[in-house]
Amino acid sequence: MYMENNYTFDLKDDTTKTMNFDELVRWCCLVEALNVVDDKEDVNTADDKWIKPLAFQKYIDERFYSMKYDLKVEVALGNI
C-alpha cells in the first residue's frame, strides 16, 4: 500500500532524508502553502512579518487529506 512506503531523497548537502508517506504529504502541503503566499502580490518577503505559523498549520491540516489522495493517484500513475 502507498502509505507504508518510505521515500528517500538525496539532499544538496550529500545527506539523505527518508520519510513515510504521511510526512511526504505534509511537506507537499507546506510547499503548496508557500507557493500560495508567494503568488500574492501584496506580500513583502524582504522581512519575516509575512510568516504566520498558525495559518500554515491550518492550511496543512485542511489540505492534508485531499493532498494525500492526489499523491496516491500520482503514485498509482508511477509519477512518484
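**View 1. Surroundings of Arg 63 in a predicted model.** Arg 63 touches Cys 29, Glu 32 and Asp 70, leaving aside residues up to four places away in sequence; contact means heavy atoms within 4.5 Å. The model is predicted, so local features need pLDDT of at least 70 and side-chain atom pairs count only at pLDDT 80 or more, while totals for chains, interfaces and linings use all residues. Residues are numbered from 1 along each chain as its sequence is written, and side-chain values use heavy atoms, with hydrogens and water left out. Arg 63 lies in helix H2, which covers residues 53-76. Helices (H or I, at least four residues) and strands (E, at least two) are DSSP runs, numbered from the N terminus. With a relative accessible area of 18%, Arg 63 is buried. The classes are buried under 20% relative accessible area, exposed over 50%, and partly exposed in between, with a 1.4 Å probe and protein chains only.

**View 2. The link between Arg 63 and Glu 32.** The side chains of Arg 63 and Glu 32 make a polar contact at 2.6 Å. A polar contact is a pair of N or O atoms within 3.5 Å; within protein, one must be able to donate a hydrogen and the other to accept it, and residues adjacent in sequence count only if both atoms are side-chain atoms. Arg 63 also forms a salt bridge with Glu 32, with the closest N and O atoms 2.6 Å apart. Because Arg 63 lies in helix H2 and Glu 32 in helix H1, the pair ties together parts that are 31 residues apart in sequence. A salt bridge is a side-chain nitrogen of Lys or Arg within 4 Å of a carboxyl oxygen of Asp or Glu. Glu 32 is partly exposed, at a relative accessible area of 22%. A network of salt bridges links Glu 32, Arg 63 and Asp 70.

**View 3. Further salt bridges.** By the salt-bridge rule the count comes to 6. One of them joins Lys 17 to Glu 23, where the closest N and O atoms are 3.3 Å apart. Lys 17 is partly exposed, with a relative accessible area of 31%, and Glu 23 is partly exposed, with 28%. Another salt bridge joins Glu 62 to Lys 58, the closest N and O atoms being 4.0 Å apart. Glu 62 and Lys 58 are 4 residues apart in helix H2, so about one helical turn separates them. Both Glu 62 and Lys 58 are exposed. An α-helix has 3.6 residues a turn, so residues three or four places apart point the same way.

**View 4. Aromatic pairs.** The structure holds 3 aromatic pairs, two of which are described here. In the pair of Tyr 7 and Phe 21, the ring centres are 6.1 Å apart and the planes stand at 45°, so the pair is tilted. This pair links distant parts of the chain, with Tyr 7 in strand S1 (residues 6-10) and Phe 21 in helix H1 (residues 21-39), 14 residues apart. Tyr 7 and Phe 21 are both buried. The rings of Trp 50 and Phe 56 have centres 6.3 Å apart and planes at 80°, so this pair is edge-to-face. Rings of Phe, Tyr and Trp (its six-membered ring) pair if their centres lie within 6.5 Å; planes under 30 degrees apart count as stacked, over 60 as edge-to-face and the rest as tilted. Trp 50 counts as partly exposed at 25% relative accessibility, whereas Phe 56 is buried at a relative accessible area of 11%.

**View 5. Helix H1 and its packing.** The buried residues of H1 are Phe 21, Leu 24, Val 25, Cys 29, Ala 33 and Val 37. These buried residues pack against S1, strand S2 (16-20) and H2. At the start of H1, a side-chain oxygen of Asn 20 comes within 3.2 Å of the backbone nitrogen of Asp 22. The 19 residues of H1 should span 27 Å at 1.5 Å a residue, which agrees with the 27 Å between its end C-alpha atoms. The expected span is 1.5 Å times one less than the number of residues in the helix.

**View 6. The protein chain as a whole.** The protein chain has 2 helices and 2 strands, in the pattern β-β-α-α along the sequence. Of its 80 residues, 20% count as buried. The C-alpha atoms fill a box of roughly 40 × 30 × 20 Å, taken along the principal axes.
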